[in-house]
Amino acid sequence: MIEKLLQDPAFWTVALFVIPLLLRVPIAIALASSALVVAYKWDMGYEMLSYNIYAGIAKFPLLAIPFFILAGVIMERAGIAGRIIDLMKALVGSRTGGLAIATVAVATFWGAVSGSGPATVAALGLILIPGMVSTGYDKPFATATVAVTSGLAIVIPPSIAFIVYGGVANVSVPALFAAGFIPGLLVAGCIMLAVWIISYKKGYRAAPVENPEPIGKAFKNAFWGVMTPVIILGGIYGGIFTPTEAAAVAVVYGLVVGLFIYRTLTSLSQLFEIFAATVHATAIVMIVVTCAGLFSWVGSTVGLVEKSASILLAVSENQWIVLFMINIILLLAGMILDAISIYYVFLPILLPLIVHFGWDPIWFGVMMTINLAVGQVTPPVAVNLYVGANISGLRIEDITKPALPLIGAALFALVLVIVFPELSTFAPRILGLSP
């Protein structure tokens, strides 16, 4: 039995991936080294490697990733985030837990611009965390609120995660965007309820806004920022442009707002910094995409996909039991891996199960993405929490405890999405994006 296992290329594909991870080797290197060693050992043809590298990244939908990253950086540097925060403070800042609720609302909205959880924490945390602390909120709670809610950035459209999922699963990206809207708001609503309950118990309340005039002024200042997701999503759902074209439009729109309306981008050095940050972030994502594509190709070639699916089906033929197991696996994977790697590593394994049980791939994509969003804020890796800890000067242990109730609220929303698939499938069907 053991000898047979040691001769199985599928076993070595997994082992050579997991062992480097346990040794804290970067995810891209772990993926690529596993694929290269197995391809060499079992003579799968090195001439195929260059083709698969090219095929893995030469996809038109993936072109949206650098554009959305660039748009998010431009929006941040143009001061749009700060104006939206001022608007939310003016609207609900004086109520019990108002600033915490506003934080959730801003992070949810900013997810439609950024598309990245850690980037949203970085963009909003520098403003929101000190603002909440100055009005009496506990710093760990303030940091946890920003970090956990920013995980929504991969659920609220437009989402880089949905673009990757659509490419791997061959699913319509506009349909995924539409499907993620209601579940994303549901997760935000559950987290808002959690932060309100916590704020009510601890008496968190900002100073009341006596003069209503600042609300109108705040809305006027934030108007061009508020219009960003309206233009992007309206153009996609209206059939005016594709998600990739929408990303390019978002870049142009952000530059126009920053250069000519807010006039916060005033020098070439600022533009250089924006492009440099975008290149750095894009390179990290695309290197992972490339290496994960190689791993996925080797895994499918050696039969890893079929064997993994058969193992899950051998446990039970009950779709709810299998679905529960899948969510547990994804949640555990999300604790140690980034979302893009998980899509490339696990999705090819899960696609046969989606077909076997007749699950809607759009609903499954939303469910999977929410699960991974929770994983981003769940230790031991918890990328969002680490970014928040770095900004606030706290330890990860300080943030974990106040984050747990918010994570629980997000998991409750995930259960609702699983039990009621119509929450995900309703909007795409109404908009004619899915049958």
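This is a predicted model: local features need pLDDT of at least 70, side-chain atom pairs count only at pLDDT 80 or more; totals for chains, interfaces and linings use all residues.
Visitor: How much space lies in the largest cavity?
Guide: The largest cavity holds about 90 Å³ of space.

Visitor: Which elements give two or more residues to its lining?
Guide: Helix H11 (173-202), helix H18 (361-375) and helix H20 (396-419) do. H18 gives the most, with three residues.

Visitor: And which residues line the largest cavity?
Guide: The lining consists of Val 148, Gly 151, Leu 152, Val 155, Val 187, Ile 191, Ile 370, Ala 373, Val 374, Val 377, Ile 407 and Ala 410.

Visitor: How does the lining of that cavity divide into nonpolar, polar and charged?
Guide: Eleven residues of the lining are nonpolar, one is polar and none is charged.

Visitor: H11 and H18 came up together. At what angle do their axes cross?
Guide: The axes of H11 and H18 cross at roughly 45 degrees and come within 9 Å. The two helices are therefore oblique to each other.

Visitor: Is the H11 crossing of H18 left-handed or right-handed?
Guide: H11 passes H18 in a right-handed crossing.

Visitor: Which residues make the contact?
Guide: On H11 they are Ala 175, Leu 176, Ala 179, Gly 180, Pro 183 and Val 187. On H18 they are Ile 362, Val 366 and Ile 370. By class, the contact has eight nonpolar residues, one polar and no charged. Val 187 and Ile 370 are also among the residues lining the largest cavity.

Visitor: What about H20, what is its angle with H9?
Guide: Helix H9 (residues 139-150) packs on H20 at an angle of about 55 degrees, and their axes are 8 Å apart. That angle makes H9 oblique to H20. The crossing of H9 and H20 is right-handed.

Visitor: Which residues of H9 and H20 make that contact?
Guide: H9 contributes Pro 140, Phe 141, Thr 143, Ala 144, Thr 145 and Val 148. H20 contributes Asp 398, Ile 399, Pro 402, Ala 403, Leu 406 and Ile 407. Nine of the residues in the contact of H9 with H20 are nonpolar, two are polar and one is charged.

Visitor: Change of topic. How much space lies in the second largest pocket?
Guide: The second largest pocket has about 280 Å³ of space.

Visitor: How many residues line it, and which lie nearest its centre?
Guide: It is lined by 13 residues, and Lys 59, Gly 293, Ser 296, Trp 297 and Tyr 344 lie nearest its centre. By class, the lining of this pocket has seven nonpolar, five polar and one charged residues.

Visitor: Which helices each supply at least two residues of that lining?
Guide: Helix H4 (47-57), helix H14 (268-301) and helix H17 (339-357) do. The largest share, four residues, comes from H14.

Visitor: At what angle do H14 and H5 pack?
Guide: Helix H5 (residues 64-77) and H14 pack at an angle of about 140 degrees, with axes 9 Å apart. That makes H5 oblique to H14. H5 passes H14 in a right-handed crossing.

Visitor: Which residues are in the contact of H5 and H14?
Guide: From H5 come Ile 65, Pro 66, Ile 69, Leu 70, Val 73, Ile 74 and Arg 77. From H14 come Glu 273, Ile 274, Phe 275, Ala 277, Thr 278, Ala 281, Thr 282 and Val 285. The contact of H5 with H14 divides into eleven nonpolar, two polar and two charged residues.

Methods: Residues are numbered from 1 along each chain as its sequence is written. Side-chain values use heavy atoms; hydrogens and water are left out. On a 1 Å grid over the protein atoms alone, a cavity is a set of points where a 1.4 Å probe fits but cannot get out, and a pocket is an open set with protein on both sides within 12 Å along at least five of seven lines; lining residues have an atom within 4 Å of a point. Grid points are joined across faces, edges and corners, and a volume is the space filled by probe spheres set on the points. Ala, Val, Leu, Ile, Met, Phe, Trp, Tyr, Cys and Pro count as nonpolar, Asp, Glu, Lys and Arg as charged, and the others, Gly among them, as polar. Axes are lines fitted to C-alpha atoms, for helices over the stretch in contact, and angles run from 0 to 180 degrees between N-to-C directions. Angles under 35 degrees count as roughly parallel, over 145 as roughly antiparallel, 65 to 115 as roughly perpendicular and the rest as oblique. A crossing is left-handed if the near helix is turned anticlockwise from the far one by less than a right angle, and right-handed if clockwise. Contact means heavy atoms within 4.5 Å.
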